[in-house]
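Reader: I am new to this structure. Please show me how to read its features one by one.

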Amino acid sequence: MAPVTTIKNTEKLLLKTCQKVLGTSKTDFGVETNFIQWGVTSLDIIKLKGNLQQELDCGNEIPLTTILSNPTVRSLSQALAEGAPGSETYTPAVVLQPKGKRAPLWLFHPDNGEVLVFLGLAKLISDRPVFALRARGFSPGETFFSSINEVVNEYHKAIKTQQPYGPYALAGYEYGSILAFEVAKVLTGSGEEVRFLGTFNSSPHNAHQSSQIDWSLCLLNLAVSLGLLSEQHKASVVQYFPALAKGEAVQHIQHASDPTRMAELCLSGDALADWADVAFSLQKMAVGYLPSGEVGNIDVFCGGPPPTAANEEDWVAKHLRRWREFGRDVNFVEIEGDIHGGMLGPDSAATFQKTLSKVLLARGL
């Protein structure tokens, strides 16, 4: 245990940094204010992480899970004072919302491996705990997952540790849909009840079917998702980007990005490359994945088509409706807006949360 004076000094520094990054005043944000419930976005958390590392002059990176698991200045100060940043043991489960008497909701990450996309949704849910499952490989010394089966086994174990008994509520976004489906099969195969399996506008064949998975394209997609590059810039370079070596690809992102944006997020070329490594490892191991088997029920949330789809009608008919092959009771739920354009973001999360809550209640959860 660190001396109280050390914790108090850290607390003051963290509070000042949080107020600066989040643009709030002392009266609005105190040491017991919960970041997530207060309304931080995924980019806020990334900025906060970078600024805290600079202010604390950390030798190691502060894992995002440390911030997400300690979402107040007081609890984060305690966690940082008691253990060196980066020394945590990998655990997949991240608590996004701890309170509520209804069955917990388990959310499975997209193909970049991070859970930040769910922050806007989680802060609006108050009647049940919300957990998200985060990929391995973000912290120094962590090995990447090597197969879909390894991920499924790890996530199944994490869920059972936190929630020993059902009924279970699982949902996946994009790549996470296939992971949620596979974990649901394991749970039902062992006699557990999965009362809700949701897929957020994702095809059962969302995984990569060809061997043309490229590290540089993973980096390019990540840069777009972080707002470093525009979709228009991506379209102008996507044809030749796979031919770039890693160092060249990183340099291109750094030179093409707004330097103010890079500084705001406290992102270095190395940090971007490390994140792309995680995304590439996940996409590579899913090459050739084909869904099989069946679960009891699936709720397919239908939004706008992704950029790769011809149109909405084609997306629903040829992709989303294929979930009928893998569930005995498949329900299609219309949602407002384009999920691929920010359905889980702060501007549209409230509408999505209301629809999600209705479906969970209809499933008796």
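Author: Start with strands. Two strands pair if DSSP finds at least two bridges between them. Helices (H or I, at least four residues) and strands (E, at least two) are DSSP runs, numbered from the N terminus. Here, strand S5 (residues 194-200) and strand S6 (residues 295-302) run parallel and are joined by three bridges. Thr199 has Val300 of S6 as its bridge partner. One caution: this is a predicted model, where local features need pLDDT of at least 70 and side-chain atom pairs count only at pLDDT 80 or more, while totals for chains, interfaces and linings use all residues. Residues are numbered from 1 along each chain as its sequence is written, and side-chain values use heavy atoms, with hydrogens and water left out.

Reader: How many helices and strands does the protein chain have?

Author: It comes to 15 helices and seven strands. Next, burial. Buried means under 20% relative accessible area, exposed over 50%, and partly exposed in between (1.4 Å probe, protein chains only). Of the 365 residues of the protein chain, 53% count as buried. Then contacts, which mean heavy atoms within 4.5 Å. Among contacts with a separation of 6 or more, 77% join residues 24 or more positions apart.

Reader: In what order do the seven strands of the open sheet stand?

Author: The order is S1-S3-S2-S4-S5-S6-S7, with mixed pairing. Strand S1 (93-97) and strand S7 (327-334) are at the edges; each has a single partner strand, so one side of each lacks a neighbour in the sheet. On average, neighbouring strands are turned by 25° against each other, direction ignored.

Reader: Which strands does S2 pair with, and over how many bridges?

Author: S2 and S3 run parallel, joined by four bridges. Leu105 has Val130 of S3 as its bridge partner. S2 also pairs with S4 in the parallel sense, over four bridges. There, Leu107 stands opposite Ala171. Now look at the faces of S2. Leu105 and Leu107 are buried on one side, and Trp106 and Phe108 are buried on the other. Both faces are covered.

Reader: At what angle do H7 and H8 cross?

Author: The axes of helix H7 (residues 148-162) and helix H8 (residues 176-189) cross at roughly 65° and come within 9 Å. H7 brings Ile148, Val151, Val152, Tyr155, His156, Ile159 and Lys160 to the contact. H8 brings Ile178, Leu179, Glu182, Val183, Val186 and Leu187. Why such spacing? An α-helix has 3.6 residues a turn, so residues three or four places apart point the same way.

Reader: Is Lys47 buried or exposed?

Author: Lys47 is buried, because its relative accessible area is 15%. Find it in helix H3 (residues 42-56). Leaving out residues up to four places away in sequence, Lys47 touches Val21, Glu264, Leu265 and Cys266.

Reader: And Arg328, buried or exposed?

Author: Arg328 is exposed, with a relative accessible area of 60%. This residue is in strand S7. Neighbours within four places aside, Arg328 is in contact with Glu294, Val295 and Gly296. Arg328 and Gly296 are 32 residues apart along the chain, yet their C-alpha atoms are separated by 5.2 Å.

Reader: Which residues of H9 are buried?

Author: They are Trp215, Ser216, Cys218, Leu219, Leu220, Leu222, Ala223 and Val224. That is eight of the eleven residues of helix H9 (residues 215-225), which is mostly covered. The cover includes helix H10 (231-237), helix H11 (246-256) and helix H13 (269-285). Now check the ends. Asp214 caps the N-terminal end of H9, with a side-chain oxygen 2.9 Å from the backbone nitrogen of Ser216. Just after H9, Gly227 has a positive phi of about 80°.

Key. Axes are lines fitted to C-alpha atoms, for helices over the stretch in contact, and angles run from 0 to 180 degrees between N-to-C directions. A polar contact is a pair of N or O atoms within 3.5 Å; within protein, one must be able to donate a hydrogen and the other to accept it, and residues adjacent in sequence count only if both atoms are side-chain atoms.
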